[in-house]
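This briefing is meant to be read with the sequence and the 3D view open side by side. Please look over the whole fold before turning to the individual residues.

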Amino acid sequence: MTTTKPIAVLGAGSWGTALAWLLAENGREVQLWCRDPERAREIDTARENARYLPGLPLAPRIRLSSDLQECAGAAQLIVLAVPTQAIRATTRATAEVAAATPCIIAAKGLERETGKRLTQVVEEELSGTAPSRIAVLSGPNLSAEIVRRIPTASVVAASDPHLARELQQVFSTPFFRVYTNSDLAGVELGGALKNPLAIAAGMCDGLGFGANTRASMLTRGLAEMTRLGVAAGARAATFSGLSGLGDLLATAHSPLSRNYRLGLALGRGDTLEHAREELHQVAEGVPTTDAACRLATMLGIDVPILEELRRVLFEGAPLPEAVQRLLSRRYRDEEE
């Protein structure tokens, strides 16, 4: 990819801002799109996104914009870092000006109403774009650690190996090591499904349970992720990689994880509405829980942990009763 045209990062939350910073560190010109014109001016004037990553100076290579079409139309690469449920509308709004531009999806989740993966959503909205021009970035990548240059790894998945290698070069730095993977569905689903499990891990801690409980839940949760992923066309081995187990370990243990923090608050007795307000950010695991259960039903896959989590989040089921239902399920073989 050339360095003359900017890379458009759509979404000025913590993740979008961190990616813009990372790309600028790599010598790339970046246009960071913020939906709110006033906030865009504030960030541009202060050269800092004080709401999401306070204290992080933005390089001169990062320019703020609130004009979505102008930002996407002038880009050599589009990075979709808006919340999952905004992916369809954002893609639709840029379809005419960016249908032939490579796109990498940095959001992690499933569309709630359809249960679809985000690449499927983007392909539908960019009907004239070959699927080979769409990629996914995923892995154990907590924004606050990345901008402190704490070493981590990530993975770029694309059906076109040439595009995957190009993007590997675009995003790799001495502290951000990027691998490639051809299993687009697996990398997507790993990044999406770990979010509900991170909420569940926070709930376990909020209830005062110990390491045994959390390890047991995450292990069985990983089995659900893998089972559902394989049924959706992914490879089982991908869920043992960076976008599956790697991302799960990071988000289910760290207080930097918004999904974990939400679950922790719920486990301590907070309401979902209040916990989400206090978070001041989108916890992707909430709508993804509903979408994942919808997908599991469509595919005929048993996902008891995700289903109990859905009952707690969307039906008001008491958390202790959900735990008891999981523990009282019929005995079975671990490999079943």
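The model is a predicted one, and every value given here was computed from it. The protein contains 15 helices and eight strands, and its 336 residues have a radius of gyration of 19 Å, which agrees with the value near 20 Å that a compact globule of this length would have.

**Overall shape and surface**

- Taken along the principal axes, the C-alpha atoms of the protein fill a box of roughly 60 × 40 × 35 Å.
- Of the 336 residues in the protein, 55% are buried, while the exposed surface comes to about 14500 Å², with carbon and sulfur atoms supplying 51% of that area.
- When contacts between residues at least 6 apart in sequence are considered, 72% of them join residues that are at least 24 apart.

**Helix H1**

- Helix H1, which covers residues 14–25 and so has twelve residues, reaches 16 Å from its first C-alpha to its last, close to the 16 Å expected at 1.5 Å a residue.
- Just after H1, the backbone at Gly 27 takes a positive phi of about 85°.

**The aromatic pair**

- The count of aromatic pairs in the model comes to one.
- Trp 21 belongs to helix H1, whereas Phe 175 sits in the loop between helix H7 (161–171) and strand S8 (176–181), so the pair ties together parts of the protein that are 154 residues apart in sequence.
- Both partners, Trp 21 and Phe 175, are buried.

- Gln 76 is found in the loop between helix H3 (68–73) and strand S4 (77–80).
- Its relative accessibility is 11%, and because the cut-off for a buried residue is under 20%, Gln 76 counts as buried.
- A polar atom of the Gln 76 side chain lies 2.7 Å from the backbone oxygen of Lys 5.

Notes:
Residues are numbered from 1 along each chain as its sequence is written. This is a predicted model: local features need pLDDT of at least 70, side-chain atom pairs count only at pLDDT 80 or more; totals for chains, interfaces and linings use all residues. Side-chain values use heavy atoms; hydrogens and water are left out. Helices (H or I, at least four residues) and strands (E, at least two) are DSSP runs, numbered from the N terminus. Rings of Phe, Tyr and Trp (its six-membered ring) pair if their centres lie within 6.5 Å; planes under 30 degrees apart count as stacked, over 60 as edge-to-face and the rest as tilted. Buried means under 20% relative accessible area, exposed over 50%, partly exposed in between (1.4 Å probe, protein chains only). A polar contact is a pair of N or O atoms within 3.5 Å; within protein, one must be able to donate a hydrogen and the other to accept it, and residues adjacent in sequence count only if both atoms are side-chain atoms. The radius of gyration is taken over C-alpha atoms; the globule rule is 2.2 Å times the number of residues to the power 0.38. Contact means heavy atoms within 4.5 Å. Accessible areas come from the Shrake-Rupley method with a 1.4 Å probe; for residues, only the protein chains shown count as cover.
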